[in-house]
Structure formats: structure tokens, C-alpha cells
Amino acid sequence: MNRLSLKERFQLSRFFSGEKAVDEPVKLTHRRIFILPTYRGLNFAILTAFLLLMAFVYNNNLVYLLTFLLASIFFITILHSYKALAGLVLQKGQSKPVFAGEAAGFTIYINNPVDVERFNLQIKLEQPESLTIKPQSKTCVTLYSLTQKRGWHTAGTVTLSSTYPFGLFRVWSPIRFNLKALVYPKPSLQERPFPEMPSTNIQKGFSQKGTDDFYGLKGYQPGDSIKHIHWKAFAKGQGLFSKQYSSDSSEEIWLNYDNAPGHNTEERLSQLCRWVIDAERIGIPYGFSLPGLKLSPDNGTTHTRKCLEALALF
Amino acid sequence: MVRHTPESVWKHSPCFKSMNSVQNKSILIFLLASIGLIAFPHINHIPKAVFAFFYLLLSWRFIGIWKQNWLPNKPVIFLLTVCGLALLYSQYHGVFGRDAGTRLFVTALALKLLEIKSERDLYLITYLAFIVAASQFLYEQSLLMAAYILFVCSILLATLVCLNSTKLQPFTALKTAGIILVQAIPMAVILFILFPRVEAPKWMLFNEKHQAKAGLSDSMEPGSISDLGMSDELVFRVKFTGALPPPPQRYWRGPVLSYTDGKKWTQVKDLRFRPILDKPVFTGLPYQYTLLMEPQDKNWVFALEMPADYALPLSQNANYQLVTLENPDKRTEYKITSYPGYNTGAITRIEYKDAMQLPGDPSDKIKQLVKQLHGFDSTSDYFINELLNHFRKEDFHYTLTPPLMEENPLETFLFETRYGFCSHYAAAFVYLLRVANIPARVVTGYQGGELNKVGNFLEIRQADAHAWAEVWLENKGWVRFDPTAAIAPERIERNINIDQLMPGGIINYMPADAAQAAFNWLKQSRQLWSNIDYHWQRWVINYDNKNQSGFLSSLGITDIKAMLYWMVGSIGLITALLSWLLLYQKQQAIDPVVRLYNRFCQKIAKRGLLRGPCEGAKDFAGRVKIKLPEKATSIDQITDLFIKLHYGKNSTPDDFKLFKKRVKSFKI
């Protein structure tokens, strides 16, 4: 773990939003673990003060003893609170791209390398989740963060906290990872026909279903749509083949930024996004062009991903 | 592509969670059971109505765990609150003070039980329960009670553990709470020893009349002491610094009874304090001892005859009896020195008058007896000897259950029944001496005491209550005579075995035979327990301002500043020890191969290439090679060696050496 400068050490933000974002796994130590009494803990302190008064007034040694026992328990709970988090190793995992408006999921791996069971930990990005980690085991938890805009979505601080064992103290550790998720534009809700392609000689009003006429089989190539795989042949053990349709060659479309309807960039991108999804679902090869980018017509997840990434980062 | 709907995420709202814990059956059972246990010893301390009210509401709440609908709604709770207040008012004992406070907290706890809405309420109930637990100690401070409360407190703490770890089994929660409790004990003990004890200011003390405690009465009517004779209750304990006095010398002096109306013997009204200079002349070796008095309702302190040195708050009255100037309600320790031999010197005029008092003229029958024993025509010594012989030779018996002697008890005892215990003999003896013109008086107190062999101290119980006589003799002063010793010397030599006392029967003295052996283990364990109890009373219950300063100065802690330093120092030390114990985490013994490989990964991580948690070594190598083509060969070599060493079967020590060398020389 890198060292902190004196100035960084006294930054108040360290208590709430954590230290600067990192990629490496983070081990929870005294530097990152903070403990403060809860309201219940403060009330417990008031209880012990009351018992002390009772012992004083009645000069009763057993009440004194009970008071001191409770006070010691209160004190020792600080150590147990610290123990609830200490030694855990957090590591960020991969995140999957989402469409704008959805919650982006970030996987966090938590490793408990010691012989201590961690009860009722709360991990929170935007909403808390509780989890229990067995001794010497790993667990992963997916935290969600609502996205709004396309582009790179950065998640804030992940806070791991616990009130174990008595709820008198809250121990927490704010950690910032470089949690980034790619957010695609939100697909337009309106269903619009694909743009007409003047370069191709297709009559107006062609059927959008370009999968009508079976043409033949060809050897499967990575990137071929999964829907076109000849599963029967595969099941017979004859190998992977992709079905070819007559429309495949003729019905390729071009999804072009300039052709996309919409009042502004976002609406156009949103429409393009919708088209990409629709075209992929139907299985028409589609070319894709944005200002400064041109992808030749194709099908398959890789192609779709490339298109959507381009849309997200446009 | 999986779409995550936000709705699936929002499930764990805090509100949802708190509702869960409030309805969690095992938590509620835990909490209610511990509260039921915590309030139970109050059965003897608070009025039955309040006690019943508490357990009624507790059972109601208990049933409510399963029948949610049966729980009272708001108006009913309000009504119950009014009921509770009315109940408290009807048992009115003021607002402050032990009894009123205990009732108030018990009632409040019962009412709060019916209103559990959030986790906050559960905490409030737990805290109230702790207060009720503490209130038990205001009534009883025995070791057993302390152990009981400690046990119940650990259940309360376990409830808190359950609240903060939803998946925990109740037994594990109890274990966790117990462990933390045990860890807290050393610190609590340090605080207990070092926390300055200051007496509460007078205005804070609530004057309350406690239940009368059993003890010697200030009058004696032969027959009135028989109940005390049976009681096993502890009166005081004595620890001698040197040798113990032999049993025949163990007379613990109490009130002196000089006045009699023929039936009843009482103290003379006008008891002045004896001038300090007017002390007896002491002879023999002194006995130094510490006397720990149990709470009494009279301010008498039973010193070994004859007390010579004592400190305030003790003082001596005109009858050489020690009295304390403090409230006897508290268990107190006194340091006293006594001498077995003493000469009180001349008799004062008032003493003589008191010691010669008779209720009217003695009857002819008595005069006849005194005359027959040469009471009127010989020396005092001779007559006393004759009288004791008379008791011994005639058919007199010692019993704790003598027949009732309503009319003229003295003559009935002397001439008819002849069954009696110490009071009868002492009263008759003194009366006859006075008839013979010899100044005499009855002394009450305790005689004997059981030696606790474990702790080497004497325990004096109510059963040891005794009455004897004191006769003033020329040149000797007041001399002790015990007529009971004449009739039942065993009574003085050896103690009555309380365990074998049969009601209505004549006392059995323990014979030294097999029957005793059978009871030996019982007696030993009883003595062991008494010893523990003695130290518990002495060092824990009775650890007050005085004891504290005495104990601490023996450690070299004299002022409050040193006390503070010691407190902070020892708490720091305990904390350091506990931290080490709790927080030292044993690192898993990692396979050296894996450790080396991790080092290799760390080196690569400097370039921002992280091995995923589940990424295989080969996949990782493949990924890294694309980014670092110039290192491809060494990466491959290291990865292959790692796979061979870690997963393969036939790896050689040379492989490991090579692996180690390559990882070390790998630079990035």
C-alpha cells in the first residue's frame, strides 16, 4: 500500500469518501477502518453513567462492579468492531456495459483470509447489501449504480460497514476503486423502419424479415449470428454450420448517423442504438457509420458491441 | 446481455431490515426470557401486585410472539400504563429511593415490552433490563446473586449480538457474548479496585427502614432466646492475627442485663460511657483480631472479653460493651485487641446498686436454698462453688426447648422442671447470688464459634448466642462465671451441631465416631463455601473508602494522582494485551511456490496488469504477453514452472530453485 502524505492523512474526506481511487486489491487495515459509537452506543454510555450514580448513591459495590463490567465491555467492543473488518481484502471485478437509465453492476470480490467469520457486513454503493463471510473464504457481491448518461459511468465510494457485535459502534471503511462501466445510449422507444439504402437495389417496402429464403449452409465462422447456426446438424455431430439465407446478401442495411431521425445528437444516437439492437435480433447484416467511423456490414455480438461502444463514446 | 432492473436491488432498505429483527422470533424469545430471569429475584423485594403485573405483561408479550394480533393496541397500552401508575401509587413509597425506584423501573420495563416497534425499542428494553439487574444488588449482594446476574447479563448481551448478526445461531451468540464478557472482567476488576470510592453526600442518602435483622435482643426472658439458638445465620466473623484463644475463652461480650422484674432481664436505662482512663488492668497475652460484623439493627459489637484497644467508631459503655457510633446496617470491619485476663477493680456505687437489685423480697423457698448452700454464712467463692455444684449434682438438664414457665419462672425452674438453657441458668445463678448479697449481673453475647479451617477464621452464628453471669469479687473485679458450663460443659467446649438439632429433642453433641465422618465432607464443603463467602464479603461487598485506601497504600498508591496513573496504566496494558490477542491474525502458511508466483504477479501489476481472482496462470500469461511481448519468453518459463510445481506430479527441488531464480531475476 502506498504511503500517505501528512496532508492526505488529515483530509476529512478520508473518513467519508475514502482515499483516492485505486485498481489494486485493498487490504483493510487501521488506515482505512474508522470507528465511531452509534446513537445506541451513546445511550449505552448514558446507561453506565446512570448505574455509576446508582452505585455511588447506595454505595453498593456490586452495582459498581456491574457498571465497570459494562463500561469495560463498551471499551472492548471497539476492538471487536475493528476486528469485524480488519484483514479483509477487497478487489474490484469486471463490470458489464449497460444501457443508460439502467443500473450498472460492479462486482467486488471480498476475500477473508483469516479464521474469523464476518457477520452481517453491510456493503453499500448506492443501496446497502448485507453479507456474511465464512472464515478463509471468498465471496463476491455485485453492487449497482444507476446510470443516466451514455459514456463512461464512474461509481463512487464503496463503503463496507458493520455494527457487530453489539451495535454500540459502527465500524466502516470507505474504499474507492476505479469502477467504470460503459453506458450505451438508451434505445429509442419508438419503433422505426430501418433507413432505406439508395446504394442497394431493393424495392421499397421490402419485408424486414430477411430470413425468409433458405439458401444453403456454410461453415460456421466466429461472429455468425447464433440464430443462424444449423443446430440439427450440430446435434448430429456433423459440425457447426451457419444457415445462409437468400436475403443475407441482398438485404444488408447501413445505419448511418446522418440518416437517423432526431432533433439532436442524443436522439439520433438513441435511434441508432435501437436499430442496432433490432437489426442484430433479426439477423440482418448492418453497416454502421458515425462521423469519423465506418464499420462494414456484419452480424454477431462482436460487431454489435463495437457499434454500441462507438455510440456510447461518440 | 443481462439487464439489471433497479427494483431487484432496492430490496434491502433499512426499514425492511428493522421490521425483520423486531419480528425475529429467536431474538424476541431470547430477550423476553432474559428479562423474565432478570426480574425474578425481585419476588421477595417488590409488592406481589407489581410483581404479578410485570409477569402478566411479560407473558402477554411472550404469547404475542406467535399471536401477533393478540398484542394490545395503543388505547389498551394507554390503559395499562394508567393501571401501572395506579398500582405504583397505591404502593406509594415516595418517588426516590430503592424500593420506589425498583418498582418504577420494573413497571416501565413491563409496559415497554408491549410496545416493540423498531430495533430502537429492543435496545431501550435491554438497557432498562440492565438497570433492573443492578437494582437486584440493592437487595442482595451474595456471591450467588452476583453469579446469577452475570449469567443473565450475558443472555442480554447475546440478544444484542443476535440483533447485529442476523444469521447467527442463539448458542453461538451466547458464546460470543460470554467471551466478550470474560475479556471485560480484568478491566472491570482494575476499575473496581482503583476507582475512588467516595461516600455519597448525606442529602443523597434516602433514609429507608429496612427489614429488621435478627440479633440478640436487649432484654432476656428465659425462653425468648430459644429461637435464636436454632438459627444458622451468621452474625460476625473473626480473624486472629496470631493464635486463637482456646474455646473456653471465646466469650463475645454483648449487652449486660442488670435489671430484673422477676421474669424479664433488661439493661439499665442510664448507660454512660466509661471514662477512658478507667480501664481494667490487663494481664496475659493480647489477642489481636479483625471482626467483620454482618448488618445488624443494633449498634453492638461483640468483642472477645475483655476488649482493650479499639478505634473509632467504636466506643465502650459503662458495662465494657463495645458499641459502634455508625449505622450498623452496613457490614463493617473492626480491629480490636482483647486480653483474656483482666481486673476491673473497684465497683462503683451505681454498679453496686444495679447489681444488687431484686424484684421484691425473695420467697422462703429460695432463701431456704441459699441458706442450704451456705449463702449467708460463708465467703462468696465458697457459695458460688456450692451453687455450681448444686446445678451439677441435682437433676438439672440442658435443653433448647424447655417447658414454658409462665408464673414465677425462677422457682418453677429451680424446684420443678429443671430443664433449661443458658438464660435459665444465668438468670437463676445471678438471682441466687443477689439473694446472698453478692453483686452479680447477666451478660449476653455469643460463645464459641466454628473455626473455618480453610480461611482460619471463626464464624459466629446466631446459634452461638449465650448468656452467662458476671460476679463482682473483692480484689478481682467483675469475674465471669458460666453456670451453663457446670451443667453442660460440652456446650462450652464444643459447639452444638446445628445440623443434628432435632426440633423438640434434646441437643445431641457430636460424638467423635463414624457418624461424624459421614458428615465430614459436608462440613468441609460448607467451610470452603463459608471461606469463599467470607472473602467475598470482606473484599468485594465491603470494599469501601477505608478498605480501599488501606489496600492501595499497601501497594504504594497513596494519593488520587497515583490512583489515576495506575488506572490509566493498567487499562492501557490490558488493552494492549487484548488487542494483541484479538487482532493478531495468523497468516495462512502459504505454499512457497504460490508466494513466489504472487511476487511475480505483483511485479507485473506495476504495469497495470492485474491477475483476476479466478484467472488461470496460463490465461494470465497469454494476456500479459500481448502487452509485454519483449518479456514473452521469461513469462512463459515462469508460468510453465509454476504450473509444473503447483499442479504437476513430478517436480524436482531443482525446478523450485530454478523457479525461484527466475522470479527473482524477472524485471519489468
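Let me begin with helix α4 of chain A, which carries a kink of about 25° centred on T77(A). Please bear in mind throughout that this is a predicted model.

How far apart are the end C-alpha atoms of α4(A), and what span should its 25 residues have? The helix covers residues 61-85, and at 1.5 Å a residue it should span 36 Å; the end C-alpha atoms lie 37 Å apart, which agrees.

At the start of α4(A), a side-chain oxygen of N60(A) comes to within 3.0 Å of the backbone nitrogen of L62(A). Just after the helix, G87(A) adopts a positive phi of about 95°.

I turn now to the strands. An open sheet of 3 strands in chain A has the order β4-β12-β9, with mixed pairing. Its edge strands are β4 (98-99) and β9 (151-154), each of which pairs on one side only. Between β9(A) and β12(A), residues 180-184, the strands run antiparallel and are joined by 4 bridges. Within that strand, A181(A) is the bridge partner of H153(A).

Finally, the chain as a whole. Chain A contains 8 helices and 17 strands. Of its 314 residues, 49% are buried. Where contacts link residues at least 6 apart in sequence, 64% of them join residues at least 24 apart.

Key:
Residues numbered from 1 in each chain as written. Chains lettered and ligands numbered in written order. Predicted model: local features only at pLDDT ≥ 70, side-chain atom pairs only at ≥ 80, totals over all residues. Heavy atoms only, no water. Helix = DSSP H or I, 4+ residues; strand = E, 2+ residues; numbered from the N terminus. Expected span 1.5 Å × (residues − 1). Bend = angle between axes of the 7 residues up to and from the residue. Polar contact = N/O pair within 3.5 Å; in protein donor to acceptor, adjacent residues only side chain to side chain. Buried < 20%, exposed > 50% of the residue type's maximum accessible area, 1.4 Å probe, protein only. Contact = heavy atoms within 4.5 Å. Pairing = 2+ DSSP bridges.
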